[in-house]
Amino acid sequence: MCGISGIMYKNSRHQGLAPVGNDLVRMLDSLAHRGHDSTGYTIVGENNDGQLILRIWTGESEHPDVILARAQEAVEQVGGVVNSRQAWGGFLRLNLNYEGEIPELAEAILQTEGVVIHSIGEASEVIKDVGTASDMEPRHQVGSLKGTHGIGHVRMATESKVDITHSHPFWAYPFTDVTVVHNGQLTNYHKLKRHYEDVGGYRFLTDNDSELIAVYLADKLAQGDSLTDALRYSLEELDGTFTYLVSTKDGIGVAKDRWAAKPLVTMETDDVVAVASEEIALRSVFTDQELDRAEPQENEVLTWSV
Amino acid sequence: MVSLDAHSLSARELNQAIKKAALTGSQITILNPQARHNIAVGILDSCKIDIDGSVGYYAASLMDGPEVNIDGNAGWALGENLMSGKIVLTKDAGASVAASMRGGDIVVGGNAGARAGISMKGGTLLIGGNAGFLTGFMMQKGRIVVCGDVGDAVGDSMYEGVIYVGGDIGSLGADAKIIEPSETDLIELWGLLEQSGINDRPRFRKIVSQKKLYHFDNLERLEMSAV
């Protein structure tokens with residue numbers, strides 16, 4: 001079991017960024033009973049004049065500051081110009097100007113031993129840690145982040161080990177701004193992973209099945225498919241049980257497997273779209289209004305864009 | 001009359017308070033359920049429970065006797081294993097409503113999710129709107145009435161019992177078949193709809209088991225040589 005949630009403010013690109021971080025913290029906190037192992041978020045803000053947001057982590061290193069400094073040097077050696085830097089407890093967030101190719105930047109960072117990339121995005125960033133939403137909030141202050149939309153996940157691990165690297169959301173290396181949270185298991189993971197490694201030439205950063213969904217969708221989007229089409233193809237090509245959410249620079253999407261095995265409820269008003277594994281999460285944000293919520297059925301795909 | 005505020009009680013405290021009030025056959029009102037799980041579970045005495053808002057998973061499950069009205073939505077497995085009594089939900093139910101119910105009545109005013117009435121063993125499940133994928137999966141006894149449409153694989157591997165569908169049928173499940181309801185069936189059905197305040201009378205179709213899965217229909221090679 002895992003819990004997923006997402007929220008999008010439809011008019012936030014025109015009317016100003018919304019309290020997406022705060023909403024998702026409350027939603028994931030109310031879903032904590034679906035998974036205590038780890039919690040994670042993608043928060044999507046504005047395009048920042050072509051700047052990139054880089055989020056990395058130093059793993060279990062004894063000297064995180066040294067490693068983070070090396071990673072930053074690697075960024076600068078390939079032409080990255082760091083505009084702002086925040087580092088805490090082995091985590092690093094950089095805001096940078098970079099003109100080159102994303103794979104070149106990512107590879108340069110990964111050559112620093114002990115560094116894990118959580119995300120590279122033009123507007124999105126991934127924040128994840130072990131424990132519940134309440135546990136991680138003092139360390140990361142996700143609640144203070146504003147955005148147009150975002151997705152989140154609480155994990156009860158089934159497929160790979162419990163640590164920060166294997167927490168959701170998964171970023172689709174080496175694309176920008178495609179991240180996925182997933183409730184379920186993929187049974188053709190190894191086959192598809194080999195395919196994407198051998199034929200697509202992709203590199204996977206973890207051995208978690210959910211990472212494949214992010215790469216799968218990013219690959220389809222890179223080939224020119226719409227998000228809706230990419231999600232539809234996944235219903236045929238991914239085997240197993242899944243209800244997953246994808247976040248891109250422009251919106252969020254949902255896909256539910258052919259067995260309708262994993263829950264999801266959705267609600268939509270003129271201003272906002274919210275989705276979650278359980279209604280309790282919607283009610284944690286929309287406390288004082290009558291909710292008209294819907295439950296997507298098997299093989300259903302939904303997308304919304306800001 | 002007893003009024004309980006779910007906001008200030010844990011699920012266990014709330015259910016213990018309901019059980020205590022049910023002993024005297026009280027009318028119980030539950031406020032602020034906020035879609036939380038396990039509300040009104042394991043109530044075994046006759047009483048009347050009104051829940052003012054949406055409930056989460058397993059609401060009014062493992063019950064024997066009470067009459068429960070829920071003004072809102074329900075999560076997965078509303079009324080699981082109901083033995084007797086009645087549950088009326090005004091809006092939508094999640095997946096697996098009335099799972100393994102043995103008796104009594106469950107009425108869903110809106111739509112139901114996937115696997116409505118899975119493994120039902122008795123009683124009546126009435127759905128005012130549509131029902132999802134695998135409705136009546138492996139049902140063994142009882143009656144499911146869907147006034148709207150049903151999704152794919154309705155009645156898959158059902159042993160006994162009947163499913164009535166007023167709208168479109170996505171597809172039939174393995175071993176299910178459609179038959180015309182008899183006049184007695186329809187009189188009974190319309191009585192049920194009237195009782196539940198449902199005014200539409202669509203043309204219902206009746207789905208029952210073909211019972212071909214009761215026995216293996218081909219022999220193993222060794223068995224053939226023995227025949």
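Me: How many Å separate the centres of domain 1 and domain 2 of chain A, taken over C-alpha atoms?
Reply: In this predicted model, the domain assignment of chain A gives domain 1 as 3-47 + 128-305 and domain 2 as 48-121. Taken over C-alpha atoms, the centres of these two domains of chain A are separated by 23 Å.

Me: How many residues of domain 2 of chain A are in contact with domain 1 of chain A?
Reply: On the side of domain 1 of chain A, 13 residues take part in this contact, and by class they are five nonpolar, four polar and four charged residues.

Me: Which strands stand at the edges of the open sheet of seven strands in chain A, and why is one side of each left without a neighbour?
Reply: The order of the strands in this open sheet of chain A is 7-2-8-1-14-13-15, with antiparallel pairing. Each edge strand has a single partner strand, so one side of it is left without a neighbour in the sheet, and in chain A the edge strands are strand 7 (124-130) and strand 15 (293-294).

Me: Which residue of strand 7 of chain A stands opposite A:G40?
Reply: Strand 2 (residues 38-44) of chain A runs antiparallel to strand 7 of chain A, and seven bridges join the two. Helix 5 (residues 133-140) of chain A packs on the sheet and touches both of these strands, its direction making about 120° with that of strand 7 of chain A. Within the strand pair, the residue of strand 7 of chain A that stands opposite A:G40 is A:K128.

Me: Which helix of chain A gives the largest share of the side that touches chain B?
Reply: The contact between the chains takes ten residues from chain A and 16 residues from chain B. The residues on the side of chain A divide into three nonpolar, one polar and six charged. The largest share of that side, three residues, comes from residues 279-285 of chain A, which form helix 9.

Terms used
Residues numbered from 1 in each chain as written. Chains lettered and ligands numbered in written order. Predicted model: local features only at pLDDT ≥ 70, side-chain atom pairs only at ≥ 80, totals over all residues. Contact = placed C-beta atoms within 7 Å. Helix = DSSP H or I, 4+ residues; strand = E, 2+ residues; numbered from the N terminus. Nonpolar A, V, L, I, M, F, W, Y, C, P; charged D, E, K, R; others polar. Pairing = 2+ DSSP bridges. Axes fitted to C-alpha atoms, helices over the stretch in contact; angles between N-to-C directions. Domains from an automatic or database assignment.
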